[in-house]
Amino acid sequence: MNLQKLFTMQQQLDAFIEETQQIIKDVFREKGLALLVELGELANETRCFKFWSTKGPSERSVILEEFVDSIHFLLSLGIMKGFDDLEEWPIANREGDLTDLFIQTEGAVLNFILKSERAQYEEAWMCYGALANALDFTAEDIVRAYVSKNEKNYERQRNGY
């Protein structure tokens, strides 16, 4: 999946938010924490780790929206570090069930936040790719949901979110 369209859209949204919110400081750590929070919210919607509960996962559309919330921050962090030249979503096999994949992704994101190097950034993308695969999200699903959520994010900014 080519990422350049998403990087461009995210760069425009980030610029809009920075102007609207008058952001003048480096917010890399804040965006990093936001990504970790969004990843947790995604895991919560899948309920994959809730062995104590019989309630099933949220609707697919809710899970997909949480997934693209993470992608917004993953893109934004890459832009901040100059990794927005990443053309294609890096693919790699990851072993384990959904809980394992969430733990691997959390570790990859945390490593990127702490080291901020390209290898760690690509690893985070690989883990997100494994999550997308496990959740049965296609590239088309992700792009469509990202575009929709991106428009919603502009609307939220215009309305004082």
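How far from the sulfur of Cys127 is the closest cysteine sulfur? The sulfur in Cys48 is the closest, at 14 Å, too far for a bond.

The model is predicted: local features need pLDDT of at least 70, side-chain atom pairs count only at pLDDT 80 or more, and totals for chains, interfaces and linings use all residues. Residues are numbered from 1 along each chain as its sequence is written, and side-chain values use heavy atoms, with hydrogens and water left out.

View 1. Cys127 is buried, at 1% relative accessibility. Cys48 is partly exposed, at 28%. Buried means under 20% relative accessible area, exposed over 50%, and partly exposed in between (1.4 Å probe, protein chains only).

**View 2. The largest nonpolar core, with 41 residues.** A nonpolar core is a set of buried Ala, Val, Leu, Ile, Met, Phe, Trp, Tyr and Cys residues joined through side-chain atoms within 4.5 Å. Phe67, Ile71, Trp125 and Tyr128 touch the most other members. Helices H1 (4-21), H2 (28-46), H3 (60-80), H4 (98-115), H5 (118-134) and H6 (139-158) each supply at least two residues. H3 gives the most, with nine. Helices are DSSP runs (H or I, at least four residues), numbered from the N terminus.

**View 3. The surroundings of Phe67.** Phe67 touches Leu42, Trp89, Tyr128, Leu131, Ala132, Leu135, Phe137 and Ile142. Residues up to four places away in sequence are not counted. Contact means heavy atoms within 4.5 Å.

**View 4. The largest pocket, about 540 Å³ in volume.** Of its 20 lining residues, Asp14, Ile17, Phe73, Asn153 and Gln157 are the closest to the centre. H1, H2, H3 and H6 each give two or more residues to the lining. H1 gives the most, with six. By class, the lining has six nonpolar, six polar and eight charged residues. On a 1 Å grid over the protein atoms alone, a pocket is an open set of points where a 1.4 Å probe fits, with protein on both sides within 12 Å along at least five of seven lines; lining residues have an atom within 4 Å of a point. A volume is the space filled by probe spheres set on the points.

**View 5. The second largest pocket, about 260 Å³.** Its lining holds 18 residues, with Ile91, Gly129, Ala130, Ala132 and Asn133 nearest the centre. H5 provides the largest share, six residues. The lining divides into 13 nonpolar, four polar and one charged. Ala, Val, Leu, Ile, Met, Phe, Trp, Tyr, Cys and Pro count as nonpolar, Asp, Glu, Lys and Arg as charged, and the others, Gly among them, as polar.

Note on methods:
Disulfide = S-S within 2.5 Å.
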